[in-house]
Amino acid sequence: MSEFSVFLEGYKRFRTQAYATQKERYDRLAHEGQKPEVMIIACSDSRVDPSQIFDVDPGEIFVVRNVAALVPPFETTPGHHGVSAALEFAVQVLEVSHIVVMGHGMCGGCKAALTMEMHGTKPGEGGFIADWISLLDDVRGPIAHQHGTEGREAEKAMEFAGVKVSLQNLRTFPCIRRKERDRVLKLTGAFFAISDGLLHLLDEDSGEFSPVA
């Protein structure tokens, strides 16, 4: 059995079990559309699935996943702005009331930003990754100076910093800044530790992450 065949078997279980037991919910979502209250920006890492971590049903969260759960700053330059388009849709069309940026432990993207191992590579050979994680260049220097560029302590500092950078960049979007000011939109930083399954939330006043009790 090929690897994808295993997933097809999983689909068959989903179709006969989970989908069947939630048929009424799916019918409602199909006819009424989606109206999630929360958007989650998470990493593409296969070990960090927001739907599993938050144990939610279909239609409850609007999710964007990319390398290192990064948000670029607001830009009007030509190009394909995938994360920005998703933010625009979530905030302006779906009118979500909460955006959560969730970083995670053992993040390969954050580690690469710290070590700069992709620096100078060509597009298709690491260059796209290098360009994307350059969003963390400004915070890399202080972290490298304090912790070095190797080891779990340095990596975790970069993972925490990545969440803060994305929150900072979210606030460069006029629509987000306006809605947060009017208190119709809340931003939250979070961190999921793969090693122990604990979710941490960021206190932006202190800059510290604390586990959810």
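This is a predicted model: local features need pLDDT of at least 70, side-chain atom pairs count only at pLDDT 80 or more; totals for chains, interfaces and linings use all residues.
Reader: Is the pair of Phe-14 and Tyr-26 stacked, tilted or edge-to-face?

Author: Good one to work through. The ring centres of Phe-14 and Tyr-26 are 6.3 Å apart. Phe-14 sits in helix α1 and Tyr-26 in helix α3, 12 residues apart. Planes over 60 degrees apart count as edge-to-face, and these two planes stand at 85°, so the pair is edge-to-face.

Reader: And which kind of pair do Phe-62 and Phe-89 form?

Author: This pair links strand β2, which holds Phe-62, with helix α5, which holds Phe-89. Their centres are 5.8 Å apart and the planes make 45°, which falls in the class called tilted.

Reader: Which strands stand at the edges of the sheet?

Author: Let's follow the order: the open, mixed sheet runs β2-β1-β3-β4-β5-β6. Two of these strands have a single partner strand each, so one side of each is left without a neighbour in the sheet. Those edge strands are β2 and β6.

Reader: Is Ser-166 buried or exposed?

Author: Ser-166 belongs to helix α9, and its contacts include Ala-69, Leu-70, Val-71 and Val-101. Buried means under 20% relative accessible area. Ser-166 has 0%, so it counts as buried.

Terms used: Residues are numbered from 1 along each chain as its sequence is written. Side-chain values use heavy atoms; hydrogens and water are left out. Helices (H or I, at least four residues) and strands (E, at least two) are DSSP runs, numbered from the N terminus. Buried means under 20% relative accessible area, exposed over 50%, partly exposed in between (1.4 Å probe, protein chains only). Contact means heavy atoms within 4.5 Å. Two strands pair if DSSP finds at least two bridges between them. Rings of Phe, Tyr and Trp (its six-membered ring) pair if their centres lie within 6.5 Å; planes under 30 degrees apart count as stacked, over 60 as edge-to-face and the rest as tilted. Lists of a residue's contacts leave out its neighbours within four places in sequence.
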